[in-house]
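Dear colleague,

I am passing on the structure we spoke about, and my notes on it follow below. Please read them with the coordinates open.

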Amino acid sequence: MPEILQYDFMQRALAGGTLIGLLCPLIGTFLVLRGYALIGDGLGHVAFAGVGTAMLAGLYPPLLAGLFAVAAALGLERLRRRPGSRGEIGLALVFYAGIAVAVIAATLARSFNAGLLGFLFGSVVTIGAADLWAIGGLTLLVGGAVALLGPALFAVGIDEEAARVAGLPVDRLNDLLAVSAALTVVVGMQVVGVLLVAALIVVPVAAALPLARSFRQALLGAVALGVLSVWVGLGASFYLDLAPGATIVLAALALYVLTSSAGRLLRR
Amino acid sequence: MSVTAPAAPTGRAAPLARLRGVSFVYGATPVLEDVSLDIEPRALVGVIGPNGAGKSTLLKVIAGLLEPSSGTVELFGTPIARFREWGRVGYVPQRPRLLGVNVPASVDEVVSAGRLARLGPVRRPGAADRAAVLDAIETVGLSDRRRRPIAELSGGQQQRVLIARALASEPQLLLLDEALAGVDLDTQEDLYALFRRLTRERDLAVVFVSHDVGVLATQVTTMACLNRRLLYWGSPEALREGDLFEQLYGGASLFTHTHLHAHGDPGPRPRG
């Protein structure tokens, strides 16, 4: 057995990281299709405010983070539906409100460094058994939803008006995607931190695009590259003694550089 | 007012779409006022009118995307609020948002999305659904590009993908909102010929909204002139004889356009 697998904490990191590497690009591909690449980052800010508020009020942080993020995701979705809405600005306002509330609440609770930074940067090597269950459950749920409703989510993503005329429940499908994104961010941030979750929602998808010739290929490619980034990043961080979350993000970015260069070569 | 299209062989059923006294107000601005019309099977209707006349709004009201401020809309004899058989209505939007799609999507995938109008969000496609998708792609002449990402297609080909997507649900009423704008003339001609064929073979009715009045007038069975109100509904020939067009457009001539075949119904033309 290679050294990396001899430690319990690394086994759990690999298992949890693999699930996150699978879950984030799965949701991310549909988000990128709709032009929402940055919503993971934004919902992270809002969840962060939930964590800060929970610390101040002495409540269970993941619960409040989840409530804040789901409420923000659904609220933004409704804002976007208004005719003539400038969704992008609304997005920015909600997100900056989130981070400001987070910092003030955590400072008042005097736990800025101790608690909050853990959620910001997290650490994939401190995953516990309960975390694994949470990630596993959510991955199953979201994976099942995508398997069942993937074609409908795709139809809404490419053309919302046509999907409405086709009689699809467009608003409910959009809500489902928004809530899935919020839950992914909240569960993921406790385990690997906001930075890694938001990055894994976008970067593997970006890496899959240059070589994909269909949406299906993009989706499967993004998931494969997400898992590969986690494996490569964890391995490198273990042997080179680097921060695991950031190394995983760099691995995903390196894969992006590889695939986009390959894409350019192929198109020549 | 009623379309003068030949009745379906099975006799007169309910019109595919029936509007009665439909008005639509956007904010405080009236966009449509008191529009009543029937669209019968096999009709080819061309909707013309100046900018801001409410042409796209009219189509969106028929497609159920906008709810009229007053008046009633029936689709296939059912009030639109209770209408559920959306597979019978195909809609091709004004601007192909597909052009800006952020993730690659193949022709096959985009056209298959149209079939969900029959399948609903959950049901898996069966053999008949696959056949309908392949048939729609074949109909618009893109079979050899089925697996291509749409980003690799020309603008005209992308427009055909959108038409195939609408055809994939085997609609009886097809609504095209400026769907031929920016398509090269040869392709436009092919598509008009295709629509004429579909009206015969499938009892399809097609409603076109277009700026290109000259082309439209040579291709449709019914012209509808809209300027908030429906000012004319009838044959293109009768429109040619009246002076309504000059009133609408202020002197510009309807039938001296150099586009396409201003000299009447084009037969099949050899490709150079």
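Of the 272 residues of chain B, 46% count as buried, a residue being buried if 20 or more other C-beta atoms, placed from the backbone, lie within 10 Å of its own, exposed if 12 or fewer do, and partly exposed in between. This is a predicted model, in which local features need pLDDT of at least 70 and side-chain atom pairs count only at pLDDT 80 or more, while totals for chains, interfaces and linings use all residues. Residues are numbered from 1 along each chain as its sequence is written, and chains are lettered from A and ligands numbered from 1 in the order in which they are written.

Chain B has eight helices and ten strands, taken as DSSP runs numbered from the N terminus (helices H or I, at least four residues; strands E, at least two). Among its contacts between residues at least 6 apart in sequence, 72% join residues at least 24 apart, where contact means that the C-beta atoms, placed from the backbone, lie within 7 Å.

Between the chains, 28 residues of chain A are in contact with 27 residues of chain B. On the chain A side, helix 1 (8-33), helix 6 (129-158), helix 7 (160-165) and helix 9 (215-240) each supply at least two residues, and helix 6 gives the most, with seven.

Within chain A, A:H45 is found in helix 2 (residues 39-57) and is buried because 23 other C-beta atoms lie within 10 Å. Leaving aside neighbours within four places in sequence, A:H45 is in contact with A:F95, A:G98 and A:I99.

With best wishes

Conventions: Two residues are in contact if their C-beta atoms, placed from the backbone, lie within 7 Å.
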